[in-house]
Amino acid sequence: MTEQEPTERDFVGIMQEGTYVEKLEALRDHLAERLTTAEHREAASISKQLSEVLAKLQQVSPQVKEASRVDVLRAKREARAKNRQLPAG
């Protein structure tokens, strides 16, 4: 097992102590892994659950991405302002 593959214990720990987004991401990963090995009759149910989790992540993600874009734009604006200023002397 690689470091990036969460163990069942890691999954339970995230579910108990993680943030909402961390819990959704862990659940997404867990469901995706189950889907790859699911029997045909189980795949539909797991797919539905995965779709619901992805929708919830999509609702949360734009807020995070928006803050990130603002930070990037602010940094670019500050860099341009510094480049316009000529050193004294």
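A salt bridge here is a side-chain nitrogen of Lys or Arg within 4 Å of a carboxyl oxygen of Asp or Glu. Glu52 and Lys48 meet that test, with their closest N and O atoms 3.4 Å apart. The model is a predicted one.

**Overall fold**

The chain holds 3 helices and 0 strands. Read along the sequence, the pattern is α-α-α. Burial is limited to 11% of the 89 residues. The exposed surface comes to about 7800 Å², and carbon and sulfur atoms supply 52% of that area. Among contacts with a separation of 6 or more, 36% join residues 24 or more positions apart.

**The nonpolar core**

In soluble globular proteins, nonpolar side chains tend to be buried together. Which residues make up the largest nonpolar core in this chain? There are 7 residues: Leu24, Leu31, Ile46, Leu50, Val53, Leu57 and Val60. Two elements each give two or more residues to this core, α2 (20–37) and α3 (40–84). The largest share, 5 residues, comes from α3.

Leu31 is one of the core residues. Leaving aside residues up to four places away in sequence, Leu31 touches Ile46, Gln49, Leu50 and Val53.

**Helix α2**

Helix α2 has 18 residues. From its first C-alpha to its last, α2 reaches 26 Å, close to the 26 Å expected at 1.5 Å a residue. Which residues of α2 are buried? They are Leu24, Ala26 and Leu31. These residues lie on the same side of α2, because they cover an arc of only 165° around the axis. The other side of α2 carries the exposed residues Glu33, Thr36 and Thr37.

Ala32 also belongs to helix α2. Is Ala32 buried or partly exposed? Its relative accessibility is 33%, so Ala32 counts as partly exposed; the cut-off for buried is under 20%. Ala32 and Ile46 are 14 residues apart in sequence. In space, their C-alpha atoms are 8.2 Å apart.

**Salt bridges**

How many salt bridges does a search of the whole structure find? The count is 2. One joins Asp29 to Arg28, with the closest N and O atoms 3.0 Å apart. The other is the pair from the opening, Glu52 and Lys48, at 3.4 Å.

Glu52 and Lys48 both lie in helix α3. They are 4 residues apart, about one turn of the helix.

| Residue | Relative accessibility | Class |
|---|---|---|
| Asp29 | 36% | partly exposed |
| Arg28 | 27% | partly exposed |
| Glu52 | 40% | partly exposed |
| Lys48 | 55% | exposed |

Why does Lys48 count as exposed? Its relative accessibility is 55%, and exposed means over 50%. Glu52, at 40%, is partly exposed. Asp29 at 36% and Arg28 at 27% are partly exposed as well.

**Drawing it together**

Helix α3 gives the core 5 residues and also holds the Glu52 and Lys48 pair. Helix α2 places Leu24, Ala26 and Leu31 among the buried residues. Through Leu31, contacts run to Ile46, Gln49, Leu50 and Val53.

Technical notes:
Residues numbered from 1 in each chain as written. Predicted model: local features only at pLDDT ≥ 70, side-chain atom pairs only at ≥ 80, totals over all residues. Heavy atoms only, no water. Core = buried A, V, L, I, M, F, W, Y, C linked by side-chain atoms within 4.5 Å. Buried < 20%, exposed > 50% of the residue type's maximum accessible area, 1.4 Å probe, protein only. Contact = heavy atoms within 4.5 Å. Areas by Shrake-Rupley, 256 points an atom, 1.4 Å probe, with all protein chains shown as cover. Expected span 1.5 Å × (residues − 1). Arc of directions from axis to C-beta.
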